[in-house]
Amino acid sequence: MEGKGAVTHEMRYMMFKRPFYLPLTFSLFAWLMGAPPAHAQNTEALTHFEKRVRPLLVSRCLSCHGKSVQQGGLRLDSREAILKGGGRGSAITLQHPTESLLSKAIHGSGVLKMPPSGMLTAEEKEAVDLWIRQGAPWTPSTQPLIAKPATVPLWSFRPVKRPPIPATHNKTWAKNPIDAFILDKMERFGVTPPSLADRRTLYRRLAFDLTGLPPEPRAIEAFQRDQSPRAIETVIERLLASPHYGEQWGRHWLDVVRYADTAGENSDHPLPHAWRYRNWVIDAFNRNLPYNEFVKEQVAGDILAKQGDPNRYAERVVATGYLAIARRFGHDIEQDMHLTYEDVIDTLGKSFLGLTLGCARCHDHKFDPISVKDYYGLYGVFSSSRFSYPGCEPKQQPRDLVPLLSTVEMEARTKTVQESLRKLDEENRTLLDSLPKEARALSADARKFATTLSEGEIEDGGEKRFEVGAKTSLQRVHVRKGDVLQLFVTPLQNHGADSTLVEWKIAEIGGQGRLWDVRDLVEDLPAGNPHTDRYGNVGTWCFMDAQEGFRFLPEKLERIDGQSAIKAWRDGDTPSVFVNTSAQPVKVWTTLPPKSFFVHPGAKGAVAVAWLSPFDGEVSISGRIADVHRGGDGVGWLLQQYTSSPNTLTMAQRYAELGRQSMALQELQAKRAVFQESLRVPVAFAVVEGEARNAHIQKRGDPAMLGEETPRTFLTSLGESKQPPKDSSGRLELANWLASPTNPLTARVFVNRVWQWHFGRGLVETPNDFGSRGSAPTHPELLDYLTDWFLKSGWDVRALHRLILSSATYQSISVAPPTSKRPPSPKEAKELYALFLRRRLTAEEIRDAFLTVSGEIDVTPGEAHPFPPESGWSFTQHSPFADEYPTMKRSVYLLQKRNRKARYFALFDGADPNTSSPIRDNTTVPTQALYFMNDGFVHARAEKFAEKILSASSTPQERIQFAYRQAYGRTPSRLEIQEGERFLMDYAQSLKEIPPQNRLTSAWQAYARVLLSSNEFLYID
Amino acid sequence: MHQKPLISRRECMRSSLCGSLLFSGILQELLAEGSPQRFADPLAPRKPHFPAKAKRVIFLFMTGGVSHVDTFDYKPRLFADVGKEVKLDHPEIKNRPGYERIFLKRPQWEFKKYGQSGADVSELFPHVAECMDDIALIRSMHTDHSNHYNATLGMHTGSFAFARPSLGAWVSYGLGTENRNLPSFIAIAPAQTYAGSQVYASDFLPGAHQGTLVVPGSEPVADITPRSATAQQRKELELLDAINHRHQSTRETDPQLSARMKSFETAFGMQTAVPDVFDFSKETDATLRLYGLERSSTQGFAWQCLTARRLIERGVRFVELIDTGSSGNWDSHGDMMDHARLAQNVD
């Protein structure tokens, strides 16, 4: 068995971190290589050399005494060279082992002390001495790494050939060729083929299989009634056409490619664009993208995008997310890119070829014909590509994200937008030119007819009432409609000015007794400038920059310094008019008192607030200003009234006109911002071509110990020795080779996966390992038949579904009828398909089924996660990204983190986001039962389900019927109804401590929980 | 071995269908023995390959890296050479501002010899120091990694970069556990350490071997607190059992179904067994004093230690104690004196 529990290669891989050279058939090898020295025949001595001595020579000696450097003229990379020796003579004296220079050097007993980087351990010295005493046997291989002798070619490497369909004795059972192969084997083992499942069972099986969702009770019933001979085909077609099909089958593929929304390095950086790849996979299944295209686009979509249909540009770039979502490692991820490339190569091997290529990072594959050279051939392909960079602790910001527009389109779009911007600016020109002039004219005219009502200064941190500086009585000021009262706050010497609290009330004397108070503006300051007053008079309040002329403050802010309680009108940093809307003091650059109105002058002059009188009459004016930011030199104030105007317009009309123009300019500028925003192109976390370069072999997988350069190639053992063009990474060639119909693995591996996802078990039980350590197929002819059929269909995934789903093998019963004389054994059921294998729902299916039955599911596709903005990222290993984003969407859209796997998915055997999961485990542990009994999520769903049940009918009997149809897709038996009624009554009666009117609801909730926790709900027959 | 026990196992399962709790233990054993590996009880106790002295493990993990030279690794030269400038050729500090010149700093605490072994221990651990003769002290550990994340993952899984099963998961996988009302591997952690849940995960081993997280506070184990009163919950489980039995009656050969039915019985028991572990009311004042724990407090390392003892006494195979999370821990290079606070917590 592959997957968890079967600890095979992974375990060894971990246990032997030091190089571990298996003593392969050396004697045979030696014989093949020509006449060996007599002593080299001793296998044990050779094993000792390979295991203990050669690694030492490679790691400790060859950097100075190897192929490229020969210190002292000595080479230690072949027996001949060692015997020949260097300037000091032979390194080994076979007649007097202890007198050998090499032995003396490592013991430091002569002139030399070797290696200079640090002496060997006692054990290592002894190993070398023993080897010298044995006569220095040497494996006659020219490479420092042992090549595996050629073996019989693996079954999976042989070309796909369509076998004849077997003739069976039973002529009625088989519905299609699949059944013939299955039946043939059953007959050979004397097993009776199973009968077909009933329609309810079949529909439930199909619904979960194809969409991952529980069936609609009505759809089951329609299917049960459908007399047409093509009823099953109709159902299959309808389910395949559902958008939920792609979500279910896409999730299968996402398991294989270890999809995650975080990078997995020490601080687990979010990948805000990875979702595009996730949705691409879902979409690819939904539009039945041929599998060869599916493969090619994931490996080389960026290159295909440039060559192909411009309408498919974006999606093909997105497809390379397959490569880009590779796991990142360590603190500074660029230091550990060799591990990321391993992750890519390993996943590529497992997902497309069913080969464990990752093993060849440190040594030739022990069991499959994959050499270190093959590994670094592929390594060069990926290190010649540029992967989007997710950010990490020392370099937080992502980069190298790939635009979803081609260069041509980008240029075209930029051109259109630039053109629009130019036009806008032309329109703006008049306003831009006229506004400052008008502003200056207004201020000049205003000053000509100004009456000063009050003026004065306050010192740093001080405060004064307007009455203190009154030039005339403020108790009774005559105003006419169209007059303006304007309050300036000006900086004193330091120009830095100050945040100034303003209280200003204008009370109508007599008349309607209205009151205008700047405090009214606290609630809705951003509503406009000019600003309507509380009585609905348009443009009564104006917030002005009075530094040069009277300009309306143009920029509206809904928050300052991240504080949404602070709203403002301003121009640049200052001048500004702002409010604290909170009932609490808010700390920004200074602490602002609650529910208050403030102004801040500019560096070169005043800020002003103007009030345009909407009536003729008398007002009383009161107020004060206070410095709320200590540390400056205080501010001055000036309160003026402008009564008449040199032209026919009133002052207020002139303000209004200027305000209108100012607003128009603001609108134009907002439009400009939208255009500019449209220049921002959506991006993908993807891969593009980089600088094409071959990789060097990394000895023992250590990037610091480089060996020879290896040309960029694919797997030579699969007969592929072509090399990509010089200036290409080789990904396109790799993609074409993977997706070629003559590649014996790609189609076989995928056909086996599809079979496994339908039946719960592959024809090859190790879907990620088609090598010699994997399982051999149980039905090799069937696998070849299906593979050939699939290739001839043009890699048509949906056609393959149809073929499998319409077989009697798929439509079989999962429960042997009680009448059967010899029910199949579990082994027969499993290996001969004598029964359909019952399966538990997956983690995703359980959650989606809960949400469907409770009626709460949000079936719209998920998109991006609400990650915090990239500009603010500061994730560290001390405080890594650890958000959760709850949603009612389908589970495939839930956030998948690498370093902090969600508890729910850990509990129910969710896919591993760190490594390819070919099979979902199926463990049953009591902590899962606790989840069903006590978790808030289950209880909340059951409450909603109970609500639905209660509103479906008013009789207990019908309610139970409704509940059974929803949960199980069937009607309950009389016994089950009675059982339910008894439970409800009994349960409600036992609830002494809650009010009687709530007891029934509680009982129904308990009943709903039981149904949702039952095996019938959780298992599919 | 093959034919007969198979039948008797089936018989036994049938008899346990009556819901007898008495049979549950035997059922587990029988399911474990001889049944297909996939559905066998993965936590059934297993014999080790070699006779072992230790039966259970308590693993104390001090997050952030305890300074060895300030605690258990006496370096007299550091005291002698304090203030001396040293050259250090390490990629970590190359071209790093503030590291142009490096000086030796002496430990902040004095050392003394303890026990017959004469082990040198600093004054940071006066209590542990008294037990040095019972402790195997390893001073030769070293690593070529300098990050918390890698070090923490490496200490737990043996792998510095890739996720692998944690130590506790391996022990659970190899030996199973003795009390089926409690998980086999429990990690007690007030906060997540570096590398998150990977440090107590089962990775490629079956999920049953992953560490169950215990967080000090009102609900130490997730979902352990019943949401219905016992009488009502019993009614729910009885109905569930009846429905499941009916469902199973035609599917007898499927051990998954009965294993899941059994898991509800175990879970029901856990609801009592687990809180019992955390109920210290029957512990004497003397015991609490020994641990330095105030009655009814659930905070601090003392609580974790006493909890660990109670878990081990009840047959849990592997308990891990993580003293602090990925911040505010032993990573005290900014202020070495912070070691005093942390040491006092765990000593």
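Chain A and chain B bury about 6,000 Å² between them, with 56% of that area on carbon and sulfur atoms. The model is a predicted one. In this model, 72 residues of chain A are in contact with 65 residues of chain B. Over all chains, the count comes to 89 salt bridges and zero disulfides. The points below take up the interface, the salt bridges, the backbone and the cysteines in turn.

**The interface between chain A and chain B**

- The size of an interface is often given as the accessible area lost when the parts come together.
- For chain A and chain B, this area is about 6,000 Å².
- Seven salt bridges are counted between chain A and chain B.
- A salt bridge joins the side chains of Asp1021(A) and Arg251(B), with a distance of 2.4 Å from N to O.
- Across the interface of chain A and chain B, 30 residue pairs are in polar contact, with both residues at pLDDT 80 or more.
- Helix α27 of chain A (residues 926-934) supplies the largest share of the side of chain A that touches chain B, namely eight residues.
- Sorted by class, the side of chain A that touches chain B has 30 nonpolar, 21 polar and 21 charged residues.

**Salt bridges of chain A**

- Side chains of opposite charge can pair when their charged atoms come close.
- Glu293(A) and Lys296(A) form a salt bridge through their side chains, at 3.9 Å from N to O. The cut-off for a salt bridge is 4 Å, so a pair within that distance is counted.
- Both Glu293(A) and Lys296(A) belong to helix α13 of chain A (residues 291-307), where they are three residues apart, about one turn of the helix.
- Is Lys296(A) buried or exposed? Lys296(A) has a relative accessible area of 18% and is buried, because buried means under 20%.
- Glu293(A), in contrast, has a relative accessible area of 22% and is partly exposed, because this value lies between the limits of 20% and 50%.
- The side chains of Glu342(A) and Arg361(A) also meet in a salt bridge, at 2.4 Å from N to O.
- This pair links distant parts of the chain, 19 residues apart: Glu342(A) is in helix α16 (residues 337-353) of chain A, and Arg361(A) is in the loop between α16 and α17 (372-383) of chain A.
- Glu342(A) and Arg361(A) are both buried.
- Another salt bridge connects the side chains of Arg761(A) and Glu765(A), at 3.1 Å from N to O. Arg761(A) and Glu765(A) are both buried.
- Which residues are joined into one network by salt bridges that share partners? They are Arg200(A), Arg970(A), Glu976(A), Glu979(A), Glu1016(A) and Arg246(B).

**Backbone features of chain A**

- The peptide bond from Asn529(A) to Pro530(A) is cis, and its omega is near 10°. Pro530(A) is placed in the loop between β8 (515-517) and β9 (541-546) of chain A.
- Thr574(A) and Pro575(A) are joined by a cis peptide bond, with omega about -5°. Pro575(A) lies in the loop between β12 (566-570) and β13 (576-580) of chain A.
- Ala136(A) is not a glycine, yet its phi is positive, at about 50°. Ala136(A) lies in the loop between α6 (122-133) and α7 (177-188) of chain A. With a relative accessibility of 3%, Ala136(A) counts as buried.
- Asp909(A) is likewise not a glycine and has a positive phi, of about 60°. The place of Asp909(A) is the loop between α26 (903-907) and α27 of chain A. At 5% relative accessibility, Asp909(A) counts as buried.

**Cysteines**

- How many disulfides are there over all chains? The count is zero.
- Cys64(A) is partly exposed, with a relative accessible area of 29%.
- For Cys362(A), the closest cysteine sulfur is in Cys359(A), at 9.2 Å, so this sulfur too is too far for a bond.
- Cys362(A) has a relative accessible area of 21% and is partly exposed.

Technical notes. Residues are numbered from 1 along each chain as its sequence is written. Chains are lettered from A and ligands numbered from 1 in the order in which they are written. This is a predicted model: local features need pLDDT of at least 70, side-chain atom pairs count only at pLDDT 80 or more; totals for chains, interfaces and linings use all residues. Side-chain values use heavy atoms; hydrogens and water are left out. Contact means heavy atoms within 4.5 Å. Buried area is the accessible area (1.4 Å probe) that two parts lose on being put together, summed over both. A polar contact is a pair of N or O atoms within 3.5 Å; within protein, one must be able to donate a hydrogen and the other to accept it, and residues adjacent in sequence count only if both atoms are side-chain atoms. Helices (H or I, at least four residues) and strands (E, at least two) are DSSP runs, numbered from the N terminus. Ala, Val, Leu, Ile, Met, Phe, Trp, Tyr, Cys and Pro count as nonpolar, Asp, Glu, Lys and Arg as charged, and the others, Gly among them, as polar. Buried means under 20% relative accessible area, exposed over 50%, partly exposed in between (1.4 Å probe, protein chains only). A disulfide is a pair of cysteine sulfur atoms within 2.5 Å.
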